[in-house]
Amino acid sequence: QRERAVDLLKEAIEEDERFAEAYFNIGVLLEAKGDEQGAIEWYEKSATYGTKFGEGIVRIGLIHQRAGRHGEAEGTFERAHQVQPFNGRAHLNLALIRLRRDDSEGAIKEVRNALKENSANPDAYDVLCQIYYKMKRYRLAELVCQAGLENFDRNHPGLNNSFGLVRL
């Protein structure tokens, strides 16, 4: 089934070599199969042939992060900015890295950049809530969670979890 999907995506690339999503989706299929090196090659192609398409670079960063290569992951998320300046997933991953380093200001800046891509991103509200929680600004964390839950996604698991922690 996956092989057929890969073949169809390759046909799409033959029709339009700038079709970044096709390269990216081949990478996703290879990653799901356990071929991380093959996935990385196709994710790189998605950024090379696509215009301002940084999702593949973000996925490479996540592969590095899962493998415990945190420095490489951070550099890769930064590189995703160069490809796609308002890639929300790259910014949110960097926000979490900054938060772990106790750089609340840097983390907040990254969340704000993620919100420039999508002001209704519930993941961004969740990360912002976590930042304020760590800063011991509990009332502000609660308000951010409430805004995300009420305005964007009442069932968002991360926001609900963060909201529960703040309420405790």
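Reply: A contact here means heavy atoms within 4.5 Å. The model is a predicted one, and among its contacts between residues at least 6 apart in sequence, 46% join residues at least 24 apart.

Me: What makes Ser-104 count as buried?

Reply: Buried means under 20% relative accessible area, and Ser-104 has a relative accessibility of 18%, so Ser-104 counts as buried. Ser-104 lies in helix α7, which covers residues 104-117, and, leaving aside neighbours within four places in sequence, Ser-104 is in contact with Ile-131 and Met-135.

Me: Why is Lys-52 called exposed?

Reply: The label exposed requires over 50% relative accessible area, and because the relative accessibility of Lys-52 is 57%, Lys-52 counts as exposed. Lys-52 is placed in the loop between α3 (36-49) and α4 (55-66).

Me: Which residues is Lys-52 in contact with, once neighbours within four places in sequence are left aside?

Reply: They are Val-83 and Gln-84, for which heavy atoms within 4.5 Å are required. As for Pro-85, its C-alpha is 8.0 Å from that of Lys-52, while the two residues are 33 apart in sequence.

Me: Why does Asp-7 count as partly exposed?

Reply: Partly exposed is the label between the two cut-offs, under 20% for buried and over 50% for exposed; Asp-7 has 41% relative accessibility and therefore counts as partly exposed. The place of Asp-7 is in helix α1 (residues 2-15).

Me: What do the secondary structure, burial and dimensions of the chain come to?

Reply: There are 10 helices and 0 strands in the chain, which gives the pattern α-α-α-α-α-α-α-α-α-α along the sequence. Of the 168 residues, 46% are buried, and the C-alpha trace spans about 55 × 30 × 25 Å along its principal axes. The accessible surface of the chain is about 9300 Å², with 47% of this belonging to carbon and sulfur atoms.

How values were computed: Residues numbered from 1 in each chain as written. Predicted model: local features only at pLDDT ≥ 70, side-chain atom pairs only at ≥ 80, totals over all residues. Heavy atoms only, no water. Helix = DSSP H or I, 4+ residues; strand = E, 2+ residues; numbered from the N terminus. Buried < 20%, exposed > 50% of the residue type's maximum accessible area, 1.4 Å probe, protein only. Areas by Shrake-Rupley, 256 points an atom, 1.4 Å probe, with all protein chains shown as cover.
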